[in-house]
Amino acid sequence: DAEELMELKKLAAARVNVHEGWYRDEIDRAHLAAAQDPLLRAALDDQNFSPPQVLAGTRWAFDLWENPRNRETRALLTAAIDLSRLLMDHHDETPLVSAALLERCAPIYLTRPPAHPAWFEESLHDATTPCRDAVWALIPRGESFQLFRPLLDYGQRVRSWRSEEHTSELQ
C-alpha cells in the first residue's frame, strides 16, 4: 500500500551513523558470523579500515565504480581493478599502482575520447575523495594508489566473468 511505500522510502533515505570501531563482544560475534559471510570476513581482515567502515563504505565504492558522475571515473577505476589483478601475482596484499600507469591505461576503457583535457585529474579526484572521511575507492599512497580491497574483490568477480563470456564467444 502507498503508506507502507512512503515509510519504506523514509527508512531508505534515513542517515545511519556508523561508529569507527566495535566492542569486543561485537567483534567476537562478527568472527562467528564471518564463516558464512565473505564481506564480513573481508571487513574483519581489512588492514586499512575498521569493520564498520568497510561494511558502510563498500556499497558506496561499488556505486562509484558502477554509476560514477562521469564515465572517465569508471574507466579509471576499471583500469585500477585490472592493473591490480595483473600485479597481484598470487599475493594477498592489494598492490600499489602509480598515477602514471593509471593515466596511460585508463583511456583504453573509454569508448570515445575524454570529455575535456583535465579528465584524468577530475576522475582521480572523484576516486580519491573519501566517503565521509572513512573509506576511499582509490587510496592515496604517496605517488601511487591502492584500490579499496572490497572493490578489487568485486571487480575481479565482475571482470573475470565478462572476460570468460567474451572468450567463449570467440571459440
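Colleague: In S3, which residue is the bridge partner of leucine 138?

Modeller: Leucine 138 has leucine 147 of S3 as its bridge partner. This is a predicted model, in which local features need pLDDT of at least 70 and side-chain atom pairs count only at pLDDT 80 or more, while totals for chains, interfaces and linings use all residues. Residues are numbered from 1 along each chain as its sequence is written, and side-chain values use heavy atoms, with hydrogens and water left out.

Colleague: How many bridges join S2 to S3, and do the strands run parallel or antiparallel?

Modeller: Strand S2 covers residues 138-141 and strand S3 covers residues 144-147; they run antiparallel and are joined by four bridges. Two strands pair if DSSP finds at least two bridges between them.

Colleague: What do S2 and S3 form, and which residue in the turn has a positive phi?

Modeller: They form a hairpin with two residues between the strands. In the turn, glycine 142 has a positive phi of about 70°.

Colleague: Which residues does proline 140 contact, leaving aside its neighbours within four places in sequence?

Modeller: With those neighbours set aside, proline 140 is in contact with Thr128 and Phe145, where contact means heavy atoms within 4.5 Å. Alanine 127 lies 13 residues from proline 140 along the chain, and their C-alpha atoms are separated by 9.7 Å.

Colleague: Changing topic, how many helices and strands does the chain have, and what pattern does it follow?

Modeller: There are eight helices and three strands in the chain (DSSP runs numbered from the N terminus: H or I of at least four residues for helices, E of at least two for strands). Along the sequence, the pattern reads α-α-α-α-α-β-α-α-β-β-α.

Colleague: Among contacts between residues at least 6 apart in sequence, what share joins residues at least 24 apart?

Modeller: In this chain, 64% of those contacts join residues at least 24 apart.
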